[in-house]
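Hello,

Here is the structure I promised to pass on to you. Please open it alongside this email, and then read on for my notes.

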Amino acid sequence: MFITVENLKKSYLMGESKNEVLKGVSLTLEKGEIGVILGPSGSGKSTLMNIIGGVDHADSGSVHVDGVEITALDDDALTDYRRNSVGFVFQFYNLIPNLTVAENIEVVSNISKSALNTDTVLEAVGLEEKKRSFPKQLSGGEQQRVSIARAIVKNPKLLLCDEPTGALDYETARGMLSLLQKINSDFGTTILMVTHNTAISGMANKVYKLRDGEIVETIRHDETVAAERIEW
Amino acid sequence: MALFKKVIRSMLEHKARYIGSMLLLMISSMMFVMASNTSINLEKAFKTFSEQNVLSDAEFSVDTEIDTNAIGEKFNAKVELGGTADCEVKPGQKLRVFAMMNEVNIPAVEEGSLSGASEIMLNRLFAETNGYGIGDTITVAGKEFTVSGYCLLPNFIYVVESKEVMMNDPSTFGVGVISKAEFNTLPDRHYVYALRFNERDNIQTQETAVKTELRSQGITITSWQSTDKKINVSYVPMEVGVLSKVSVAVPLVMLLLTCVLLGMLMWRMIKGESVLIGTFYALGYRRKALRRHYLMFPLLVSAIGAVVGSVLGILLTDLMFKFLLTAFPMPVQETIYNNWLIVFAVLFPITVLCGVTLGIISKVLRIPAAILMKGRESQKKINLIERKLRLERLKFNTKFQIREQVRSLSRSFFLLFGVVVATMLILYGFTMKSSVDYMLHKGIKEMYNLKYEYVFTSVKTGVPPTGTEQFNAAYVSLVENDDTSFYVVGTLPDTERIRLKDSSGRPIKPEQNIVTLPLAQKLNLKPGDRVTVFNTEDGKERTFIVEQVADTYAGEFLFMPLDRFNTEFGLPTNAYIGIWSDEPLTFPQGEVQSTKSIDAIVAGFGHLIDQMGPMIYGLIFAAFIVGLIIIYIVTGLVVEESRANISLMKVFGYRKKEINRLILSSNTIIVILGYLLGIPALLGTVGALYNSLADTLQVVLPVKLNFWYMLLGFVIVMLTYEVAKLMCRKKVARIPMSEALKVGME
């Protein structure tokens, strides 16, 4: 297994009371697969992804990614893990506004051991003409493409996408999903996506339905749907 | 009230910014109140001392006795004959003894009583340094005197042996006052008339009239010293002038820094709170109420800063005034304060800061509520410089740091300006020290190849004593401006005692008319120019052609071959007025008018350089604090404005060191640039200062800054920068990764 999550628990203190966000989540995902975590707001899907991404710590349970137990890593080792193994795509792109498109990608390639060429990834996301533009000069879809290019430039083992289509219109969102599918097939990158859009689940090899901090259903798709055929 | 709480909370959240602004204002108001009030007190003390103790307008010597009453009556002036004698107390310790005056230059008794028979009054610093208490005995010129008290002389306020010494060493030189009867028994006494006009306008014209009258009577004036050119007196009004300039310049720079800083902070805060402002509008708040709310920030900062600074200034005025009275001893006056200046020191910064902020607030508040509520922050504009920059070929870290700088031009300008000011403060003392060092080593030590200079009371002819070399000299004044005087010196053409060099460092001999660089600069002379002067002794006009300029800062001289000098001045070819020697010589009483010891001059300079130490350290400390405040605030702003980027970098796997290097070190270019710009700004300022003081100092100082001091200044600036970065590291460490993950979620 590429990702193995076992009995993962996480809670936050809210004043006097304790809010249990993850109540013993377990899941697995094979290398090169696309996984989708589905759930409504507050179900714990972002927390789960943050722990898998090495951004947050679990209270108990374990997460193994590519044979490494990341829940046992200290802060420095987690930094190395994020630096070398994980790519992030955010709902609101999180581009640095005063850097050009190419420079935004270099933010990541600057610290990667085996970064891909910036022009190559820009070509892969169809933005080679926009490399000197600033984020403000791009549409939402283009900004998300830059965000994806930035995530894949380090050639990560795992691509974590938090609501990647949440801020996009229907057509742009479909284009974005196609791009992610293409990256998955071209680079063999394992992708774990968090969304509340059930329609997206069709393109995933595995779908985990999360509700109130627990996985209530895991669906395995032997046949996945091409992103351009998805409708919602 | 609720809005006022928001003001207090916002200020507490960003303590460093507001405390920093207050500190800058505090320094500004403190400097203003202290310097302006000290200047007023010093001026008042000088004026009172001058009037009550009848400070002379000029002191002069003539070749024969004159009728003081007749001159006094004719020119409506007080004229009194007095004198001075330089007497040895111990080997290497000299006392300039003044004859007690009753009408002009009347000494004041600081403690004890006036000197009677076999009694002497000393200046306090000399007495205390050398252990002479009141009632003790002191041997002056071989005669014993009892110290009757400590005196203050209106015509010798700044106790210094000669203008070349610049700063006195009280262990080797002091002044004393004895009765005229006792004075007349001293060897090597030099009689001087003190003259004070009753009509206080047009002093210079009145002096010229007296000189003309004396010459018309066939009297030769052997020396004429206008008091406004006498450094023992003129240093006091110079200090008053310097303090007045400092009281305006430094506080203004500080106020400007604070205005830029607070204006920038307010602009950012209001921009950041545009959604909130829109919401306030929507809730029914009026523009006036919001304007009042945002004006509370500059009002609190400026009021606290200006009031605390002014109070500190008031407290320091007394200390500063008392300190200056030790350098310029005068009868102690009660410290006075100009209330209007204090009110101005409080109100001016408040008005300026609130005015600047009001402009910024009004600009934002003109935007309709609906637009404000959408959030202007999200519409981050890319400025022209950012758009035009082509950085593809640079490394990512360099690109990132350049982009950080051009992202906010006001922030970069503020930092640049602040570093320039800090650099100037740091290097100011070093420049003064370098200049004096240069004048000492490259000027005096290099030019004078001798130990003693003896000037006789009358011209001698023939062969000088063995082991000495003769010279002649005349004190001349410009025909078109008799305030500008200098020495014309005739030396042996192949002299080894005076070493001169041209601008390229090649030695030159006084085989032709050579002017020294300070004189050339002062009179704007170059080879081929003519300079027409009159001899202060015989009043005759002469014109000299400048043939060469010597690159030396040892003084203002026109050197020429001795025989040419003697021909020009109508003297026998073998005439001379003085000799240079490597050994101390003794002469019969009354033969020598003045003695100059080059070692004593060098020691005086050394003393001056030693005295500069505390000033230099003080300035460095002040610069360190100002620099630290500015760099810390700006670096803090960079961190604050890059929170999302820092958080994102942490998510991407950037290590602490890498983030610090990118974010905290992004100002390095500006800091280095500020330092580099600070050097010419400082040299220009110091040059202007030297020029403005040249007349009073009677010395033209070269503007020099030693390379090692420049390097040291750079190290201090960079150290300040590193300390500020270190202080900001915690801020960077505290930014959580969740901030990047939550962007756009609120």
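Predicted model: local features only at pLDDT ≥ 70, side-chain atom pairs only at ≥ 80, totals over all residues.

**Where the chains meet**

Chain B contributes 31 residues to the contact with chain A, and chain A contributes 29. Together the two chains bury about 2800 Å², with 60% of that area on carbon and sulfur atoms. On the polar side, there are five salt bridges between chain B and chain A, and 12 residue pairs are in polar contact. One salt bridge you can look up directly joins B:Glu392 to A:Arg132, with N and O 2.5 Å apart.

Which elements of chain B give two or more residues to the side that touches chain A? They are α12 (384-388), α13 (396-407), α18 (643-652) and α22 (738-741). Of these, α13(B) gives the most, with seven residues.

**Domains of chain B**

Chain B is split into four parts: domain 1 (1-57 + 239-379), domain 2 (64-219), domain 3 (394-448 + 598-746) and domain 4 (452-583). I looked at how domain 1 of chain B meets domain 2 of chain B. Their C-alpha centres are 48 Å apart, and the contact draws on 14 residues from domain 1 and 20 residues from domain 2. The pair buries about 1400 Å², 63% of it on carbon and sulfur atoms. On the domain 1 side, B:Asn53, B:Val54 and B:Asp57 lose the most area to domain 2, together making up 41% of what that side buries.

Helix α2 (residues 15-52) of chain B supplies the largest share of the domain 1 side, namely four residues.

In chain B, helix α10 (residues 339-365) has 27 residues and reaches 38 Å between its first and last C-alpha atoms, close to the 39 Å expected. The N-terminal end of α10(B) is capped by B:Asn338, which places a side-chain oxygen 2.9 Å from the backbone nitrogen of B:Trp340.

In chain A, helix α6 (residues 170-187) has 18 residues, and these should span 26 Å at 1.5 Å a residue; the end C-alpha atoms are 26 Å apart, so the two values agree. At its start, a side-chain oxygen of A:Asp169 comes to within 3.3 Å of the backbone nitrogen of A:Glu171. Just after α6(A), A:Gly188 has a positive phi of about 70 degrees.

The buried residues of α6(A) include A:Ala173, A:Met176, A:Leu180 and A:Ile183. What do the buried residues of this helix pack against? Their partners in chain A are β3 (34-38), α4 (118-124), α5 (140-152), β7 (158-162) and β8 (190-195).

A:Asn7 is not a glycine, yet has a positive phi of about 45 degrees. A:Asn7 sits in strand β1 (residues 3-14) of chain A and, at 41% relative accessibility, counts as partly exposed. A:Asp212 also has a positive phi, near 55 degrees, and is a residue other than glycine. A:Asp212 is found in the loop between β9 (206-211) and β10 (214-220) of chain A, and is partly exposed, with a relative accessible area of 47%.

Best wishes

Terms used:
Residues numbered from 1 in each chain as written. Chains lettered and ligands numbered in written order. Heavy atoms only, no water. Expected span 1.5 Å × (residues − 1). Polar contact = N/O pair within 3.5 Å; in protein donor to acceptor, adjacent residues only side chain to side chain. Buried < 20%, exposed > 50% of the residue type's maximum accessible area, 1.4 Å probe, protein only. Contact = heavy atoms within 4.5 Å. Domains from an automatic or database assignment. Buried area = accessible area lost by both parts, 1.4 Å probe. Salt bridge = Lys/Arg side-chain N within 4 Å of Asp/Glu carboxyl O.
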